[in-house]
Amino acid sequence: MNYFLAKTDPETYSLDHFEKDKKTVWDGVKNPQALRAIRDMRPGDRVFMYHSGGDSAVVGLAQVISEPRPDPKAPKLTVVDLEFVTRLDPPTTLHEIKASGLFDGWALVRQGRLSTMPAPAEFVAWMKKKYPKTKL
């Protein structure tokens, strides 16, 4: 199982909305580096859901439930289906992630505008310690 992080603006598509929908098509990604991450996703992989803007934080967890495929509205882009798994309470803020000093080389810290990216194994292990009762 691989882990990724996907950012969403809560005013556009919040975790509340995702939880209500149960499933969503992860689309609208245009950055080549972010598209590579989506193309690397496989069913069963986990995705940390991140609210950007305002109180930027990892707020939930999703699971990939489809193979990546061309976006029917824009065939040069790639989409994948995600299923809501759980909320992460309390959320893990970007401030906490940066303050840990453990992830300075990760795209989340270095490339603030990148919307979708792989999550490093060290981050996954750190989150598992932070949320021991959650099946990450």
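Biologist: Why is Asp-27 called partly exposed?

Modeller: Buried means under 20% relative accessible area, exposed over 50%, and partly exposed in between (1.4 Å probe, protein chains only). Asp-27 has 33% relative accessibility, so Asp-27 counts as partly exposed. Lys-73, at 68%, therefore counts as exposed.

Biologist: Good to know. What are the ground rules here?

Modeller: This is a predicted model, where local features need pLDDT of at least 70, side-chain atom pairs count only at pLDDT 80 or more, and totals for chains, interfaces and linings use all residues. Residues are numbered from 1 along each chain as its sequence is written, and side-chain values use heavy atoms, leaving out hydrogens and water.

Biologist: What makes Asp-27 and Lys-73 a salt bridge?

Modeller: The term asks for a side-chain nitrogen of Lys or Arg within 4 Å of a carboxyl oxygen of Asp or Glu. Here the closest N and O atoms are 3.4 Å apart, and Asp-27 forms a salt bridge with Lys-73. The two residues sit 46 residues apart and link distant parts of the chain.

Biologist: And why does the pair of Glu-67 and Arg-42 tie together parts of the chain?

Modeller: Their side chains meet in a salt bridge at 3.5 Å, N to O. Glu-67 lies in the loop between strand S4 (57–64) and S5, and Arg-42 in the loop between H2 and strand S3 (46–51), so the pair joins parts 25 residues apart in sequence. Glu-67 is partly exposed at 44%, and so is Arg-42 at 37%.

Technical notes: Helix = DSSP H or I, 4+ residues; strand = E, 2+ residues; numbered from the N terminus.
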